[in-house]
Amino acid sequence: MRQATTILSFDTPGRGFTDITRAIAGWLEGTGVAEGLLTLLCRHTSASLLIQENAAREVRTDLAAWFDRLAPEGSHYAHDDEGADDMPAHLKTVLTGVNLQIPVIGGHMMLGTWQGIYLAEHRLVAHRRQVAVHLIGE
Amino acid sequence: MRQATTILSFDTPGRGFTDITRAIAGWLEGTGVAEGLLTLLCRHTSASLLIQENAAREVRTDLAAWFDRLAPEGSHYAHDDEGADDMPAHLKTVLTGVNLQIPVIGGHMMLGTWQGIYLAEHRLVAHRRQVAVHLIGE
Amino acid sequence: MRQATTILSFDTPGRGFTDITRAIAGWLEGTGVAEGLLTLLCRHTSASLLIQENAAREVRTDLAAWFDRLAPEGSHYAHDDEGADDMPAHLKTVLTGVNLQIPVIGGHMMLGTWQGIYLAEHRLVAHRRQVAVHLIGE
């Protein structure tokens, strides 16, 4: 049994979803681990991780609109030091969470056919975001 | 230290909650692992996993109503290829997430007294759903 | 490779957020594990775990107000045996989830600079809450 860890960095273009499935799969392949558990932690409080549909682009459009409906910008927040998009970004991060765990079997992540791994940027402008990655297995 | 993995399938009767606690506990018992970490991944984008109250049935009634309030059906979604219940199902999946991790001590999942593991089906009609299961321990 | 497990108890003062980052870091340090995976499970259905901003106190004020907006008290719940704050507490628990996983590198949790681990108490009155902790690594 062995472990591998890394911190991966991703440049986001501002609010939206970045598909990081290939980057994660590429790193996993490099470890040579065939059976194990892969864990991801987004190291931020205004960007998050989620697994969702990788086919229909409209799902992500609707998802972004839904985030805005549940956590709208507005003047009713106590925390607004960093602009109107800041507190909604924290709330959307809580909504989706910053963690993912994916069993690995036969050298592959056990994602379903329609599942992709997305880094969700909730701030308006571009950011560089870090994801801590842990793998245990053999 | 060793690992065990499997893909479990569950037939859901359509929208609602299926208690999969016993199925998971049965599989765990079969592995003989006394101390470890159990991880579940629902391999779908319109069904999800959650841990909630296993006693009062009304909690699940209220939970379903709350899901419908936060992610209602409607004509305002861009993604509607698969029917009116499809996009709300994706949103409810994001809301609850598709991952669970449960420490195992003394051969038992460390769930609280009132906690059960539920597979939440968010589509209206019956589906067969897969849950990838990973266990590491000894 | 080895494991360590424990059940930690925390007294909450009633509704609000308790920063448990130091307690978890202290326990981790005691294990002597330098590289591994730390998993937390809150063993309740009306209290939950989340990672959020540890600096600006207003973020937690806004977060509490947002929880109340998404899951308000009211007479529309079927489950009200334990009072008006009970069902909203279940919903908030589903919203945030009861699980966290944190990669450990160089003896430290790989949290970002602004991330703290919070136990969120969703009931009005004080409770003693249990968090199951699992660590694997070396």
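Predicted model: local features only at pLDDT ≥ 70, side-chain atom pairs only at ≥ 80, totals over all residues.
**View 1. Chain C is superposed on chain B by a rotation of 120° with 0.0 Å of shift along its axis, at an RMSD of 0.0 Å.** This is the relation of a three-fold axis. Look for C:Leu95: among the residues of chain C, its C-alpha comes closest to the rotation axis, at 3.6 Å. Chain B likewise goes onto chain A by a rotation of 120° with 0.0 Å of shift along the axis (RMSD 0.0 Å). In chain B, the residue closest to the rotation axis is B:Leu95, with its C-alpha at 3.6 Å.

**View 2. Chain C meets chain B through 28 residues of chain C and 31 residues of chain B.** Here, two residues are in contact if their C-beta atoms, placed from the backbone, lie within 7 Å. On the side of chain C that touches chain B, at least two residues each come from strand E1 (2-12), strand E3 (36-42), helix H3 (86-96), strand E5 (99-105) and strand E8 (127-137) of chain C. These elements are DSSP runs numbered from the N terminus: helices are H or I with at least four residues, and strands are E with at least two. Sorted by class, this side of chain C holds 14 nonpolar, 12 polar and 2 charged residues. Ala, Val, Leu, Ile, Met, Phe, Trp, Tyr, Cys and Pro count as nonpolar, Asp, Glu, Lys and Arg as charged, and the others, Gly among them, as polar.

**View 3. Chain B touches chain A with 28 residues of its own against 31 residues of chain A.** Strand E1 (2-12), strand E3 (36-42), helix H3 (86-96), strand E5 (99-105) and strand E8 (127-137) of chain B each give two or more residues to the side that touches chain A. That side of chain B has 14 nonpolar, 12 polar and 2 charged residues.

**View 4. Helix H2 (residues 58-70) of chain A packs against H3(B) at an angle of about 60°, their axes 10 Å apart.** Axes are lines fitted to C-alpha atoms, for helices over the stretch in contact, and angles run from 0 to 180 degrees between N-to-C directions. H2(A) and H3(B) are therefore oblique to each other; angles under 35 degrees count as roughly parallel, over 145 as roughly antiparallel, 65 to 115 as roughly perpendicular and the rest as oblique. The crossing of H2(A) with H3(B) is right-handed, a term used if the near helix is turned clockwise from the far one by less than a right angle, with left-handed used if anticlockwise. From H2(A) come A:Val59, A:Asp62, A:Leu63 and A:Trp66, which meet B:Met87, B:His90, B:Leu91 and B:Val94 of H3(B). The residues of this contact are 6 nonpolar, 1 polar and 1 charged.

**View 5. Helix H3 (residues 86-96) of chain A packs with helix H2 (residues 58-70) of chain C at about 60°, with the axes 10 Å apart.** H3(A) passes H2(C) in a right-handed crossing. A:Met87, A:His90, A:Leu91 and A:Val94 of H3(A) make the contact with C:Val59, C:Asp62, C:Leu63 and C:Trp66 of H2(C).

**View 6. In chain A, 5 strands form an open antiparallel sheet in the order E1-E8-E3-E5-E6.** Strand E1 (2-12) and strand E6 (108-109) of chain A are the edges, each with a single partner strand, so one side of each has no neighbour in the sheet. Strand E5 (residues 99-105) of chain A pairs antiparallel with E6(A) over 2 bridges; two strands pair if DSSP finds at least two bridges between them. A:Ile105 stands opposite A:His108 of E6(A). Helix H1 (residues 21-31) of chain A packs on this sheet, touching E1, E3, E5, E6 and E8 of chain A, and its direction makes about 155° with that of E1(A).

**View 7. E3(C) and E8(C) run antiparallel and are joined by 7 bridges.** In this pair, C:Leu40 has C:Val133 of E8(C) as its bridge partner.

Technical notes: Residues numbered from 1 in each chain as written. Chains lettered and ligands numbered in written order. Least-squares fit on C-alpha atoms with pLDDT ≥ 70 in both.
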